[in-house]
Amino acid sequence: MSRTGAVAPDQTAEHAPTDPGQQRRGLTERLLAVRELSLLIALGLLVLVTTLRNDRFLSGQSVKDLLLGCAILVILAVGQTVVIVTRNVDLSVGSILGLVAFATGTLFVSAPGTPWPVAFVLGVALGALCGVVNGGLIAVARVPALVITLGTLYVFRGVDYYWASGRQINAADMPQSFLRLGNQTVFGVPVLFLVALVVVAAVGFYLRSYRSGRELYAIGSEPAAARLSGIPVGRRVFAVFVASGALAGLAGVLYAARFGTLDAAAGTGLELQVVAAAVVGGVAIFGGSGSAYGAALGAVLLTTIGSSLAVLRIDPFWQQAVVGALILAAIGLDRLVALRVAARLRGRSAHGA
Amino acid sequence: MAHDSLYAAPPTAEAEPGAGRIASLRGLLGSWDAVIVVALVVVVLLAGLTVENFATGRNAQFLLLDLMPLALIALPMTLIVITGEIDLSVASMVGLSSTLMGQLWLSSGLSLELICVLVVLLGAVLGAVNGLFVTGFGLPSLAVTIGTLALYRGLSFVVLGDQAVADFPADWTAAVVRNIPGTSVPVVVVPLLLLAVVFAVVLHATPAGRALYAMGNNDQAATFTGVSVARTKFWLFVVSGAVCGLVGIFWTLRYASARGDNATGLELTVVTAVLLGGVSIFGGRGALVGVLAGVLLLGVLRNALQLADVDANALTIVTGTLLVASVVLPNAVADVRARLHRRRQRQPAAS
């Protein structure tokens, strides 16, 4: 893996500034790989156990449903990763999704001939606009994003309800070409999931290999140090919220295409599930580490647990409890790994001295 | 009509002309509390004058009953946020307490008094689990309590499934909504006030209370001054759980229904009320008076707008706007003032 020199200044900001870069990076890289690997193993075990109990779990239709079910959560989790990496959080994504989904439906009701790409562009733009509101308020108020996005969670949802005023949009109001997108498959893979894959790959690549992507980690590790080293922290954080809003907007349009029937409650409470997916995926809640791939795997794992519980004939009421236990296990594991790494590094620097 | 009372919302804005002064005074004791209290008085007056049926005893009774869960949970939440932590699992603990109460009543044959004691104890245990994860394992409370939010809500569905227990004795369900004789104030307000006084005394008048602020400002410094940070935070989470157990009992009896989805989403409203009340999310700053005024302000606004036929769901615009305004306006005003001040200083120098 070749790395350009431009990335180098940020490596030290991402980690403790004492160690020589290359060795450290190898270690961190391995740990990240371990996290994604352990998620994959957990996912594989889950699928294996479920399939042993009921071999229809790996049938074409069931896998298709699974991929369809996790696509929207994956996109939101990736968006959330970009935010959490900078030591912020965006709680308004569920409300943005709901607002954009309803707006998409309304667009097709009031202008029936609209081609679907236009709906996508407008939906992403509306989501990005919500993100601009978030980012702008955070820049002005200089308070944690948690507070601002908690407020806009209510505001966006309220606007949604106010606009809908009890109306519901049905599948019949939307063009077939648009709805087909929500259920169509290419070589057996749902289009929705392909879109999610593209998003994961693009964001994952950006976070890993672009200078500004690395700067996001630096900001999350230590905002003050990032500012001192010349990173435009305010601008980056603003952009991060716009990106998160735009991805939530994309998820909203996809939600409309998939479900067809829409009211103002679409996506209520989704924000905590999204944060959960990211945390399970190894994104540290206080910033500075984690990858889009991990978050996406976390989202897939959470969705798969839901469907495999049903197959295993476990009371579906257990699902949420299992998710909760998984979050606790994930952050506990992260803590353990961090402590061991710290201990090992201490040992190493003692040798060096 | 609806529009008239929509304008009942701006009282915070009305209070803002003074906000320039207030923002600069905000570090001093109680200034933000004053803003919220003034806003509350203005809203109550406006609503009383313009909204039909607002200023009636019956409405006061319902308003206070509706506010009970929010007000009760806000007490321990204030203390927790002041130490720089947060507890997002409160609503799920209320839900789990409620379904446990239902299940025990349904199948255990114990007396309701004993069940209530058990439920409060159980709430304390749930809180202790949070506390253990946060202080024992050193994990961020935000992540831990998002986890237990899902865990406890899931367990509350496991306990009762999607059924509801509703056959609680009528004298118990009537007791929680009864008024103090001769007034339209519910009896349950008395224990709330007692608890509020206890929390306020502990927070503002004891060394332990001062220690909470110290922790919120700087954990390490607090440790060096001899405060046992971990133990204090652990007990705060326990208290939060116990109070949620109490609220679970109240919720169950008030609506005569123990269900898995009771109080869903309440955690964000509680956090909103606490932040609106002037408690800093960073910890180290805030007062209980402001929080209680914030709780009342939220409740009165919602109640008045609902009476004025505003859709209950659209009302969240008001909640959200209040929260955002309460953190953005003081900073924005301070910014503008600082800029004006600099310009004024520069001008004499230039001439």
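Helices (H or I, at least four residues) and strands (E, at least two) are DSSP runs, numbered from the N terminus. The model here is predicted, so local features need pLDDT of at least 70 and side-chain atom pairs count only at pLDDT 80 or more, while totals for chains, interfaces and linings use all residues. Residues are numbered from 1 along each chain as its sequence is written, and chains are lettered from A and ligands numbered from 1 in the order in which they are written.

**Exercise 1. Describe helix 6 of chain A and work out what it gives to the contact with chain B.**

Step 1: get its length. Helix 6 (residues 145–164) of chain A has 20 residues. From first C-alpha to last it reaches 28 Å, close to the 28 Å expected at 1.5 Å a residue. (The expected span is 1.5 Å times one less than the number of residues.)

Step 2: look at its cover. Helix 6 of chain A is mostly covered, with 17 of its 20 residues buried. Ser165(A), with its positive phi, comes just after this helix.

Step 3: go to the interface. Residues are in contact if their C-beta atoms, placed from the backbone, lie within 7 Å. The contact takes 44 residues from chain A and 41 residues from chain B. On the side of chain A that touches chain B, helix 5 (116–141), helix 6, helix 12 (270–280) and helix 14 (318–352) each supply at least two residues. Helix 6 of chain A brings the largest share, 14 residues.

Step 4: sort by class. Ala, Val, Leu, Ile, Met, Phe, Trp, Tyr, Cys and Pro count as nonpolar, Asp, Glu, Lys and Arg as charged, and the others, Gly among them, as polar. That side of chain A then has 31 nonpolar, nine polar and four charged residues.

**Exercise 2. Sort out the buried and exposed faces of helix 8 of chain A.**

Step 1: get its length. Helix 8 (residues 191–209) of chain A has 19 residues and spans 27 Å between its end C-alphas, close to the 27 Å expected.

Step 2: list what's buried. The buried residues are Leu192(A), Phe193(A), Val195(A), Ala196(A), Val199(A), Val200(A), Val203(A) and Leu207(A). They cover an arc of only 155° around the axis, which puts them on the same side of helix 8 of chain A. (The arc is that of the directions from the helix axis to the C-beta atoms.)

Step 3: recall the geometry. An α-helix has 3.6 residues a turn, so residues three or four places apart point the same way.

Step 4: turn to the other face. Away from the buried side, helix 8 of chain A carries the exposed residues Val198(A), Ala202(A) and Phe205(A).

Step 5: name the cover. Helix 3 (60–85), helix 11 (233–259) and helix 13 (292–311) of chain A are among the elements over the buried residues.

**Exercise 3. Characterise the packing of helix 6 and helix 7 of chain B.**

Step 1: get the geometry. Helix 6 (residues 90–107) and helix 7 (residues 112–136) of chain B pack at about 145°, with their axes 10 Å apart. Axes are lines fitted to C-alpha atoms, for helices over the stretch in contact, and angles run from 0 to 180 degrees between N-to-C directions.

Step 2: get the hand. The crossing is right-handed. A crossing is left-handed if the near helix is turned anticlockwise from the far one by less than a right angle, and right-handed if clockwise.

Step 3: classify the residues. The contact of helix 6 of chain B with helix 7 of chain B divides into twelve nonpolar, two polar and no charged residues.

Terms used:
A residue is buried if 20 or more other C-beta atoms lie within 10 Å of its own, exposed if 12 or fewer, and partly exposed in between; C-beta atoms are placed from the backbone. Two residues are in contact if their C-beta atoms, placed from the backbone, lie within 7 Å.
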